[in-house]
Amino acid sequence: MSRPLRWTAWVVAVLLVVVVVFLVWANIVMQGTRSAALQVWRDDRVAVRDAGDAVVMTPTGTANGVGVVFVPGAKVDPYAYMATFRQVVARGTTVVITKPTLHLAFFDLRPLSTFESHAPDVRTWAVGGHSLGGVRACQLADDPGVAGLLLLGSYCANDLSGSGLDVLSVSGSRDGLSTPEKVDAARHELPASATTTEVQGANHADFGAYGPQPGDGVATISPAAARAQISAAVERWVERLRSGALS
């Protein structure tokens, strides 16, 4: 084999190894906690169905007309967020948790309409996400049909300060990944009217139910306590969206 062919074969082999290693890494997902998921499945106020490209959570009682397309954090099982939204859905809000391509939000180029189609009765749509999913949600928030943006342990990398979005940003004081400093540094990307809430003692993994995460801080409150505060903040934000749609 000539020298140029040997070099070409070597480069191709290296690229194949890199691709295989990346695919293996991307598919090692942080699984949702079984006990937390079971609580949702057993809650008769909440209906859950797998739509193939998303996990759709709908209230079995009266719906409030508000829906949230929610993008998971990098390599986090979408089902891990069912516990986060259990109470929110039980009180009337529809939540569509996407299944990002390769479990990484930036590889998912599908429009919001792909996921909104799973809940055609929703009148007011918002988009949200956790961690890397929140960064992607900020990009999707440019969609003219979006009324609100929900950031959980995340922040925007694009400028939405001039938008009319109703924004809620919930962070954790013990978050070792989306640290309070990083969240504060990106505050200028949000509208001046954005609501920011810091849950004292919560870390990055408290925004889902998937166990500890490398690089995270140590939480000083229980997951249940963190989840209760997150749910309460989201419910107040949803009520604003609903009231705004009715006015």
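Start by selecting Arg-86: at 22% relative accessibility, this residue counts as partly exposed (buried means under 20% relative accessible area, exposed over 50%, and partly exposed in between, with a 1.4 Å probe and protein chains only). The model is predicted: local features need pLDDT of at least 70 and side-chain atom pairs count only at pLDDT 80 or more, while totals for chains, interfaces and linings use all residues. Residues are numbered from 1 along each chain as its sequence is written, and side-chain values use heavy atoms, with hydrogens and water left out.

**Around Arg-86**

Arg-86 sits in helix H3; helices (H or I, at least four residues) and strands (E, at least two) are DSSP runs, numbered from the N terminus. Show its contacts, meaning heavy atoms within 4.5 Å. Leaving aside residues up to four places away in sequence, Arg-86 touches Gln-39, Val-40, Asp-43, Arg-45, Val-46 and Met-57.

**Helix H2**

Select residues 34-41, helix H2, whose buried residues are Ala-36, Ala-37 and Val-40. Looking down the axis of H2, these buried residues fall within an arc of 100°, so they line one face of the helix (the arc is that of the directions from the helix axis to the C-beta atoms). What do the buried residues of H2 pack against? Their partners are strand S1 (46-50), strand S2 (54-59) and helix H3 (82-90).

**The sheet**

Next, colour the strands. Eight of them form an open sheet with mixed pairing, in the order S1-S2-S4-S3-S5-S6-S7-S8; two strands pair if DSSP finds at least two bridges between them. At the edges are S1 and strand S8 (195-199), each pairing on one side only. Direction ignored, neighbouring strands of this sheet are turned by 15° against each other on average.

Zoom in on strand S3 (residues 66-71) and strand S4 (residues 94-98), which pair in the parallel sense over four bridges. Pick Val-69: its bridge partner in S4 is Val-96.

Then select helix H5 (residues 132-140), which lies across S3, strand S5 (124-130) and strand S6 (146-152). H5 runs at about 145° to S5; axes are lines fitted to C-alpha atoms, for helices over the stretch in contact, and angles run from 0 to 180 degrees between N-to-C directions.

**The whole chain**

Zoom out. The chain has seven helices and eight strands, and 49% of its 247 residues count as buried. Among contacts between residues at least 6 apart in sequence, 69% join residues at least 24 apart.
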